[in-house]
Amino acid sequence: MRKRNLAAALLLAATLPAYAGHKAEGKTTLKDMQPAGTEDKNHKHTIYDLTFNAEGKNYTCRTHYKKSVDATDFVVGTEVAYKIDDQKVKIKTPQDKKVECKIVRVEAITARQ
């Protein structure tokens, strides 16, 4: 019985890092910001997709329909700070404007891009 418990504990310890969330942070240039939805009776705010490069990948994250975002605060081509925590991203401008979004697409950057 002890051997099985020990084996199960070792297996769990070995596999936990594989399930740990991806975390990264740094500065990058905001590549694009596009509306991904429209306001309606159920969704009070416009949803936006923000695109940026980080760690050799292109990330696209989507804002939540319950949160208001002023599109003029996030100028495409300017530097932003990002924090990736698994599927969640926090983006902050030098003017201290912040937005939270969820990753909806990750693309490897190839030499042709």
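This report walks through the aromatic rings and the charged side chains of the structure above.

The model is predicted: local features need pLDDT of at least 70, side-chain atom pairs count only at pLDDT 80 or more, and totals for chains, interfaces and linings use all residues. Residues are numbered from 1 along each chain as its sequence is written, and side-chain values use heavy atoms, with hydrogens and water left out.

Let's begin with the rings. The structure has two aromatic pairs (Phe, Tyr or Trp rings, the six-membered one for Trp, with centres within 6.5 Å; planes under 30 degrees apart are stacked, over 60 edge-to-face, the rest tilted). In one of them, the centres of Phe52 and Tyr59 are 5.7 Å apart and their planes lie at 20 degrees, so this pair is stacked. Together with Tyr82, Phe52 and Tyr59 form one aromatic cluster.

Now to the charges. There are four salt bridges (a side-chain nitrogen of Lys or Arg within 4 Å of a carboxyl oxygen of Asp or Glu), including these:

| Salt bridge | N to O distance |
|---|---|
| Asp85 and Lys23 | 4.0 Å |
| Lys92 and Asp96 | 3.4 Å |
| Glu107 and Arg105 | 3.5 Å |

Asp85 is partly exposed at 40% relative accessibility, while Lys23 is exposed at 60%. Lys92 is partly exposed at 38%, and so is Asp96 at 43%.

Conventions: Buried means under 20% relative accessible area, exposed over 50%, partly exposed in between (1.4 Å probe, protein chains only).
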